[in-house]
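Okay, thanks for coming, everyone. Let me put the model up on the screen and we'll walk through it together.

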Amino acid sequence: MMERRAFLQAALMTFAVSAPLSQVQAMERQMEEVIAAFCMIRQIEAQQGQRAALIANFETIRPLVGHVGGFTIFEDAADDNSLWILDFWRSREDYDAALQKAELSELLAEQRLLIANIKSSALLKIPTPMES
C-alpha cells in the first residue's frame, strides 16, 4: 500500500510535466504542511477569454483560506479557456468552512461569473496502509 508521502509525490508528478519546477516544489511544501486528508481535482472552463481573470481571482482567494488547506492552479495546455485546480485540505469540513468565510463571499460571487463550466471533478483519496 502506498504511504502518504509517496501518494503526494505521485500526485505532484502527475502534474509536474506541465508545471514549472518552482510551482511543483511550492505545491509539495504546501501539501506537506497541511498533511492533506481531503483532496479534490477539478477541470474548470472559464468564460471565453477569461482564464487569466479566473486565475487572478483564485490568487486573490489563496491568502484568505488559512493554513488548513490550499490549492494549486494549472493552466490546461490543450484548452486556452480551461484550468485545473488541485485542492488539498486537512478535512472536508475545513474545505467547507473556508468557503463560508465572509471575506470570501464577494470573491466567490465574482468567480462564479468567470466560470462557464466545471468540466470534471474528482475526489482523491490518500491510500492508508492495509491492516495486518
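Let's start with a question: which residues does N57 touch, not counting residues up to four places away in sequence? The ones N57 touches are L107, E110, Q111 and L114, where a contact means heavy atoms within 4.5 Å.

Before going on, a word on what you're looking at. This is a predicted model, where local features need pLDDT of at least 70, side-chain atom pairs count only at pLDDT 80 or more, and totals for chains, interfaces and linings use all residues. Residues are numbered from 1 along each chain as its sequence is written, and side-chain values use heavy atoms, with hydrogens and water left out.

So how confident is the predictor? pLDDT is its confidence in each residue, from 0 to 100. The protein chain averages 80, and 67% of the residues score at least 70. Helix α3, residues 51–61, has the highest confidence, at a mean of 95, while helix α1, residues 4–16, has the lowest, at 54.

Now the overall layout. The protein chain has five helices and four strands; those are DSSP runs numbered from the N terminus, with helices being H or I of at least four residues and strands E of at least two. From the N terminus, the order reads α-α-β-α-β-β-α-α-β. Of the contacts with a separation of 6 or more, 75% are between residues 24 or more positions apart. And of the 132 residues, 39% are buried, meaning under 20% relative accessible area, with exposed being over 50% and partly exposed in between (1.4 Å probe, protein chains only).

Back to N57, then. N57 sits in helix α3, and at 5% relative accessibility it counts as buried.

Buried or exposed? R112 is exposed, at 57% relative accessible area. Its C-alpha atom is 9.9 Å from that of Q47, 65 residues apart along the chain.

Note on methods: pLDDT = per-residue confidence, 0-100.
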